[in-house]
Amino acid sequence: MSAEAADREAATSSRPCTPPQTSWFEFLLEEALLEQHLQKPSPDPPPVQLIVQFLEQASKPSVNEQNQVQPPPDNKRNRILKLLALKVAAHLKWDLDVLEKSLSVPVLNMLLNELLCISKVPPGTKHVDVDLSSLPPTTAMAILLYNRWAIRTIVQSSFPVKQVKPGPPQLNVMNQMQQEKELTENILKVLKEQAADSILVLEGALKLNKDLYVHTIRTLDLLAVEPGMVNGETESSTAGLKISAEEIQCQVCYDLGAIYFQQGSTNAAVHENAKEKFFRTKELIAKNGSSSLHFTIDEERLAGYCQACGVLTSSSDDASQQATPYSQIHSCMKSGNYQDLVKIFLEDNLTLSLPVQFRQSVLRELFQKAQQGNDALDEVCFKVCVCNTVCDVLQGRTIDIQFCQLFLKPSKEKIDFLLEVCSRSINLENASEALKRKMAAFLKNLCLGLEDLQLVFMISSHELFIKLLKDDERKLLIDQMRKRSPRINLCTKPVTSFYDIPASASVNIGQLEHQLILSVDPWRIRQILIELHGMTSERQFWTVSNKWEVPNVYGNVILGIKDNLTRDLVYILMAKGLHCCAIKDFVHAKQLFAACLELVTEFSPKLRQVMLNEMLLLDIYTHEAGAGVSGERPPSDLISRVRGYLEMRVPDIPLRQVIAEECVAFLLNWRENEYLTMQVPLPLVQTNPYVKLGQLLAATCKELPGPKESRRTAKDLWEVVVQICSVSNQHKRGNDGRVSLIKHRESTLGIMYRSELLSFIKKLREPLVLTTILSLFVKLHNVREDIVNDIAAEHISIWPSSIPNLQSVDFEAVAVTVKELVSYALTINANNHFWLIIQADIYFATNQYSAALHYYLQAGAVCSDFFNKMVPPDVYTDQVIKRMIKCCSLLNCHTQVAILCQFLREVDYKTAFKALQEQNSHDAMDSYYEYIWDVTILEYLTYLHHKRGETDKRQIAIKAIGQTELNASNPEEVLQLAAQRRKKKFLQAMAKLYF
C-alpha cells in the first residue's frame, strides 16, 4: 500500500460515523427509550417530528377482508402511539409557540383532542358549559390549552402567508398537499364557528384564582396504568407541572387581546377590549418578570399591539399614549391639524423614532386626500415629503421620486422650507463627518438641478451651506454650473442686486424647446418656433430632438428650404406626423400632415406631392386599423387614389418604397385582382418589383379554380420567388491552395431581397393570397433533395416539381421563411385548418412530436366543432393519421397508436398489434379501451392480457367487446355510428391532453 493510500485509509477510519436515526417503532418496543432519546442534546428525529410520526401511524386506516377501508382501530398499539405523542408534547411543556411553528393544523388538532380525551373531558361536551373551577387542575388546563390554540389559529389564519414555491409536480405529493389543505380549511371553519365559545371559556379562566397543572411524562405514565392503581394522584394538587394563576392570566390576556384586535377590523368597538387585555398583560409581565413564565410572549409584538391600540382608541386620560408620535400623528390626521403633523415629522428627523414605512404610509394617505379634491393639502404633502426626503438623505437612502415630482417647479417658499428642514435635522456640533458629507452632497446636487439663479443663490448663501462646504468646494460647484450653461455668469462673491437679475434667455429657450418636443398641435408648434426664432437666429430647431426622423429622400428636399423658420416648421411637422403614424395616433398624424400640406402648397409643388403621398399612406393605415378589421370594404375614392399613386409619373418626386408596397398589399387584401392583372400599366410592372409581384399573385389566385393548362402565371410566380431565394456563388482559393464555395446570402438574383419579400407578405391579410404564397414556399421546401418528411399544403400541385439549379437555392432560408409565414398566417386566422396542418407538419419534420400532435388535433377540432361533427376526410387524410401515429409511437403512447390505426381507410393491424405488445406505455392504457371499435383489435387485447395473466385489464377488454352496438350482425349504419361516437370521445380526450 502506498503512503497516500495509507493516509486516506487512516483518515477514513478515524472519521466519526453518523449514528442511524431511531425509527418510530423502536419506541413501541422499549418503554424507557423515549425519555432517553428526548434527553439528548440534539435528538434525531427531533421531538416535533416524533409527534407527527406517532400520530400518523396511529391514524392510519385499515382494510378489511372485503377490501374496504375502515377507520383506524382502537387497539393497544394505537393507544400507545397516541400516548407517546402526548409524552413528547409534555416534554416540550406544551409550548404552543413551538408546537404551532412545527406542526400543521390537522396534526396539532389531533394532538390536543387526544389531550382532552386523556384528561377525562367527555367527548361532545361544549367547553363553555363546563365550570372550570369544579374540574381537576389538569382537566381544566387541557381545556384552556385547546381554546387558546383555537383562537391563536384563527388569528394566525388571518395573516397573509407567502406561498411556498412548488417543486417538480408529483401526483401523490400533490394529492397529499390538497387533502391537507382541505382538512385545514374544514378545521378552521369549525374553529371560527366556535370562536365565541372559546372566547367565553378564556374570559372565564381569567376569573380563576387558583394554580393549575399541566400533564408531564410522569402523569401520563400514571394515566396509562389501570384506574385502580392510580390512587387519584393525577387529580391531586401535587401532580403535573404547576402553572401559577398569574402566569395563566398573563398568557390568556395576551391571546384574548390578539383575537379582539383581529375582530376590530370589522367592529371598531372591540379595540377597547383588546387594549384592556394587552395593557393587563404588560402589567403582569412587569410585575412577575418575563423569565418566570412557562409560556413565552413576544414582548416586541406586545409593544406593537399596545401602540396600535393606543392609536385606534381615543382615551383622554391616557397621557402616556398621547405622548407617543404614533398617537399624536393619528390624532392630527383625524382632526386635520396638519401644522402639528409637520412639526412632529420635523422633530422626528433628529430622533429618528418613526420607521420609514410608517412615514411613507402617512404621505400616501395625504396624497390620496389631496387627489380627492382637497387642494389645501398640496402644501402639506410637499412639507411632509421634504421631511421624509431629508430623513432619507441622512440615513443614506435614495431620494424618492415623489420629491422630484413635487420639486419640478421650485419656488422661494419651497426652498425656504427645505433649508429650514435641513438646518433643524442636523446638529452640526454633534453630527459625524459622514452625516455632514451626506447633507452637503444633497445641497450640492440640489443646486446643480436648479435653473433659476435666484434659488441657487438662496441655497449657496445659506448658513448651513457655508458651514458644510469649504471654499474650494463652493468654487468647484460654481465652475460646474458655468460649464453646464455657458450663458450663466456667476461670480464667487454674492452681489447685493442679485434678485434684480432677470431670468436667463437660455432658460426660456430651454423651456420653449421642451414644449416644442411635447406638443402635437400644429398651431402651437408654429407659435413656439416663431418665439424661438425671435429670440435667436443661430439655432437649427429641427435638431432639438434626436427622435425626429424624416426619411433621407425627403430630408434633402426639406433642408434645402432657404427660410429657416419654414424649414424647421416643415421638418418638425413631418417628423411628428410620421411618429404619430408609427404609434397609430392617426388623428394627430392627420392634423400634422394637413398643416404641413397647407404650408408647402404655397411654395413647393414637389413637397405638396410628397405630403399627398404620405396622407394616402395614412388613410390606408387608418382604414386597415379601423373599418378594415371588421371586413368593411374601403371607399371607392381611396381605391382610386391608390391606383392613381401606382400610375403616377411626375418626374423628380421623392418616393418612399413603403408606400408602393402598402398600396400593392392594399389592393391584394381587398381582392382588386382584375386591376392588378389587366389594367395596371406595363411600364409600372417592369419598374416596380412590388407591382410585378402583386400582379403575379393576383393572376395565380384568379387561375386557381381553372384547368391545369392555365397555370402559366403560377410558373412565372414560382420562377420569381426561386430567383429571390437563390444566392450568388463565388469560388475562393485559400492559403492552402484549395478552392472553397462562398454563398452570399445578402446578394440576390431576384427582383428584391428575401427580407423585403417577407416584409411585404406580412402586410397581406387575404386568405387566398396567403394560402397561395404559403403553398409556393412549402413546395419549394419539399423540392430539396435531402428532405425526409414532406410538408402538405393546398394547391401544391400547381407548382413545378423540380428546379434546374438546386445548388443556387438557399434552402435553409426557405425553411426559415416557411416557419415565419405559417406563424404570421395563424395570427391572421388561427382557425384555418390547412395552415394548422402545415404548422403541424413543420413540427413533425423537426422531430417536435408533442407540438405536432397539438396542431394536428387543433386542425381537426376547428373544422368539426371540437370533434362533435365528423372531421372532413381532406383534413385527416391517411398521411396526417400516419404522422399522428408516428408521433404517439415516438412519445411511447402505444395505446393511442393502436386506436389511431382504426382511423385509416384500411385498419393497420400490424402496427396496432405491435404497439399493444409494448408494456412500457406512457398513456392511459386500458382506460382507452372504451374508444376501440374494431373487434379484431379488442379480441387481440383479450388474448394478450390472458396470456400475460393480467386479469383486470382482460376484464376491461371483454367489457368493451361485449357492447351490443359493436356486434358484427348490426346494420352498417349502427356500426358507423358506434365508430363515430368513439372517434369523437377519443379525439376530445387527446385534445385535453395536448392542448
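Q: Which residues are linked with Asp97 and Glu100 in a network of salt bridges?
A: This is a predicted model, so everything here is read from predicted atoms. In it, a network of salt bridges takes in Asp97 and Glu100.

Q: How many salt bridges does the count come to?
A: A pair makes the list if a side-chain nitrogen of Lys or Arg is within 4 Å of a carboxyl oxygen of Asp or Glu. Arg524 and Glu531 meet that way, at 3.9 Å from N to O. By this rule the count comes to 30.

Q: Which helices hold Arg359 and Asp348?
A: These two form a salt bridge, with their closest N and O atoms 3.1 Å apart. Both residues are buried. The pair ties together parts that are eleven residues apart in sequence, because Arg359 lies in helix 18 (residues 356-371) and Asp348 in helix 17 (residues 338-351).

Q: What separates Lys383 and Glu379 along helix 19?
A: Their side chains meet in a salt bridge, 3.2 Å from N to O. The two are four residues apart in helix 19 (residues 377-394), so the separation is about one helical turn.

Q: Is Lys383 buried or exposed?
A: Lys383 has its charged end over the ring of Phe417, 5.2 Å from the ring centre. Its relative accessibility is 16%. Buried means under 20%, so Lys383 counts as buried.

Q: Are Arg524 and Glu531 buried, exposed or partly exposed?
A: The relative accessible area of Arg524 is 27%, and that of Glu531 is 38%. Buried means under 20% and exposed means over 50%. That makes Arg524 partly exposed, and Glu531 is likewise partly exposed.

Q: Why does the pair Trp718 and Trp799 count as stacked?
A: The count comes to 15 aromatic pairs. In this one, the ring centres are 6.5 Å apart. Planes under 30 degrees apart count as stacked, and the planes of Trp718 and Trp799 are at 25 degrees.

Q: Where do Trp718 and Trp799 sit in the chain?
A: Trp718 is buried, at 4% relative accessible area, and Trp799 is buried too, at 5%. They are 81 residues apart, so to speak from distant parts of the chain. Trp718 is in helix 37 (residues 712-724), and Trp799 is in the loop between helix 39 and helix 40.

Q: Which residues in the largest nonpolar core touch the most other members?
A: That core has 161 residues, and helix 29 (residues 564-582) gives the most to it, with ten residues.

Q: What do the buried residues of helix 40 pack against?
A: Phe811, Val814, Val818 and Leu821 are among the buried residues of helix 40. Their packing partners are helix 38 (754-761), helix 39 (767-782), helix 41 (833-845) and helix 42 (849-862).

Q: How far apart are the end C-alpha atoms of helix 40?
A: Helix 40 has 18 residues, 811-828. At 1.5 Å a residue, they should span 26 Å. The model agrees, with the end C-alpha atoms at a separation of 26 Å.

Q: Which residue has its charged end over the ring of Phe903?
A: Ring pairs link Phe903 into a cluster with Tyr928, Tyr931, Trp933 and Phe986. The charged end in question is 5.4 Å from the centre of the Phe903 ring, and it belongs to Lys983.

How values were computed. Residues are numbered from 1 along each chain as its sequence is written. This is a predicted model: local features need pLDDT of at least 70, side-chain atom pairs count only at pLDDT 80 or more; totals for chains, interfaces and linings use all residues. Side-chain values use heavy atoms; hydrogens and water are left out. The expected span of a helix is 1.5 Å times one less than its number of residues. Buried means under 20% relative accessible area, exposed over 50%, partly exposed in between (1.4 Å probe, protein chains only). Contact means heavy atoms within 4.5 Å. Rings of Phe, Tyr and Trp (its six-membered ring) pair if their centres lie within 6.5 Å; planes under 30 degrees apart count as stacked, over 60 as edge-to-face and the rest as tilted. A charge sits over a ring if NZ of Lys or CZ of Arg is within 6 Å of the ring centre and within 35 degrees of the ring normal. A nonpolar core is a set of buried Ala, Val, Leu, Ile, Met, Phe, Trp, Tyr and Cys residues joined through side-chain atoms within 4.5 Å.
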